[in-house]
Amino acid sequence: MSLEELIQYTDSINESKYRAKQIHNWIYLKSVTDINQMTDISKATREKMLETAQITDVKIKNRQISSDGTIKYLLEFADGNCVETVLMRFDNRANLTACVSSQVGCACNCKFCATAKLGFVRNLTPREIIEQVLTIQRDTGLKVTNIVFMGQGEPLLNLDNVLKAIEIFNRDFVIGIRRLTVSTCGIIPQIRKLAQLDFQPTLAISLHAPNHETRQSLMPIENKYPIDELMQTLKDYVGSTGRRVTIEYTLIKGFNDTVDCAKQLAVLLIGLKANINLIIYNPNDQDDFEKPSKESIQKFKYILEQSGKKVTIRLERGSDIDAACGQLSNKYK
Ligand code: SF4
C-alpha cells in the first residue's frame, strides 16, 4: 500500500492519518513482519489491525548464497506459486541490486531461458513484486538501492502491476527512477505506452541477436515483433523521452558470438542512443548452449567499441549457485 492507501485503511478502522505514517515507517523503513512489533502504536490499535490486516504471507522456501555474495531466494506466495528473487552485490560498490520477478513462469519461450520451461502461470500483483524486495531487506537487514525487472516473466506483459510497483519503489522506498530498470524481450506496443508516461524507468532490451533469422531461432517473440520494427520503436522511444536505452546481448558460444555477428550488431545499432551490456551465457542443465571463450568476448566487445558504443561486460554473479532465472524453480518443480 502507498501512504494514501494506508490513510484510507486507518480511516476505515477509525484511526488517524498519523497512524498511517507510523505504519508506513514500520513497513518500509524498519521492515517489520509482525504488527505487534509496531511498539509506538497502542495495544488497542494493534488489536484492531491484527483483526483486519496482515503484513506479509510470503515464505522463503529456499535460499542459496554464492561465494561472491549473491543471494538467490525462492519465495512462495499464499497460493503455493513460487518465484525467484536475487540480491547482487558488486565489489567496491555500495549498490545493492535486487533482481525481481514480474510473473510466475513466462509465455515468451526464449530458448536459452530456464524460466521458459515453466510455461506461463500467472501475473504477479504489485504487492507480490514489492514483497520480493521487502523480503530481501528483512532477511539481510540491508537497504536495496537498485531494482532490475530481470527475473522470471516478461514485465511489459504485466505492465499495469509493474508500473504500480515502480511507483511505490520510487516514492515509498525512495529509489531513484533511473535506478529502476525494466528489461523486455521487445513488446512493441508496451514500449510505445512506456514512452508516453510522465516517468520512465531505465529500459533494457533483451536483443541477443543481430538479425531476424538468428533472433527468430532464439526468441519466438521475433515472429510477432521483428527486429527492424523493434529498432524503429526504440529510436522513437529515445526521440520522445530523451532516455538512452540498454541493449542486452547474451553471448552464446558459436551461435551469436562471432565476428560477423558483432559487425552486424554494430550496423544495426547505428543511430540508436544506447549502451550495450554483454552478458556471458550462464550454462544450465536445461539446454545445450555453451559459454563463449574469453577471446571471442573481447573481440566482440572491441568491434562494438570501434563503432562508438559504450560496451560493458556484465560481471558474472552466482555462477556457483542456480543463478540463472528459472533454474531454482525448475529444480523444485
Ligand atoms: S528470457 Fe525473459 S522473456 Fe524470455 S522466456 Fe525467459 S523470462 Fe520470459
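Modeller: Ile303 lies in helix H11, which covers residues 294–306. Here helices (H or I, at least four residues) and strands (E, at least two) are DSSP runs, numbered from the N terminus. The residues themselves are numbered from 1 along each chain as its sequence is written. The model is predicted: local features need pLDDT of at least 70 and side-chain atom pairs count only at pLDDT 80 or more, while totals for chains, interfaces and linings use all residues.

Ile303 has 19 other C-beta atoms within 10 Å and is therefore partly exposed. The scale behind this calls a residue buried if 20 or more other C-beta atoms, placed from the backbone, lie within 10 Å of its own, exposed if 12 or fewer, and partly exposed in between. Setting aside neighbours within four places in sequence, Ile303 is in contact with Val259, Ala262, Lys263 and Ala266; contact requires C-beta atoms, placed from the backbone, within 7 Å of each other. By comparison, Cys82 lies 221 residues from Ile303 along the chain, and the C-alpha atoms of the two are separated by 41 Å.

Helix H10 (259–268) is also among the elements against which the buried residues of helix H9 pack; strand E10 (245–251) and helix H6 (188–195) are others. H9 comprises 15 residues, 227–241, and at 1.5 Å a residue it should span 21 Å; its end C-alpha atoms are 21 Å apart, which agrees. That expected span is 1.5 Å times one less than the number of residues. The buried residues in H9 are Ile227, Leu230, Met231, Leu234 and Tyr237. They lie on the same side of H9 because they cover an arc of only 120 degrees around the axis, the arc being that of the directions from the helix axis to the C-beta atoms. The face turned away from this buried side carries Asp228, Glu229, Gln232, Gly239 and Ser240, which are exposed. After H9 comes Gly242, with a positive phi near 75 degrees.

Buried residues of H4 include Glu128, Ile129, Val133 and Leu134. Among the elements that cover the buried residues of H4 are strands E1, E2 and E3. Gly141 follows H4 and has a positive phi, near 75 degrees.

Ile65 has Ile71 of E2 as its bridge partner. Five residues separate the strands in this hairpin, where Gly69 takes a positive phi near 95 degrees. E2 also pairs with E3 (residues 82–89), again antiparallel and over six bridges, and Lys72 has Val86 in E3 as its bridge partner. In the hairpin of E2 and E3, with five residues between the strands, Gly80 has a positive phi near 90 degrees.

A positive phi is found in residues other than glycine too. Asn14 has one of about 55 degrees; it sits in the loop between helix H1 (3–12) and helix H2 (17–29). With 9 other C-beta atoms within 10 Å, Asn14 is exposed.

How values were computed:
Two residues are in contact if their C-beta atoms, placed from the backbone, lie within 7 Å. Two strands pair if DSSP finds at least two bridges between them.
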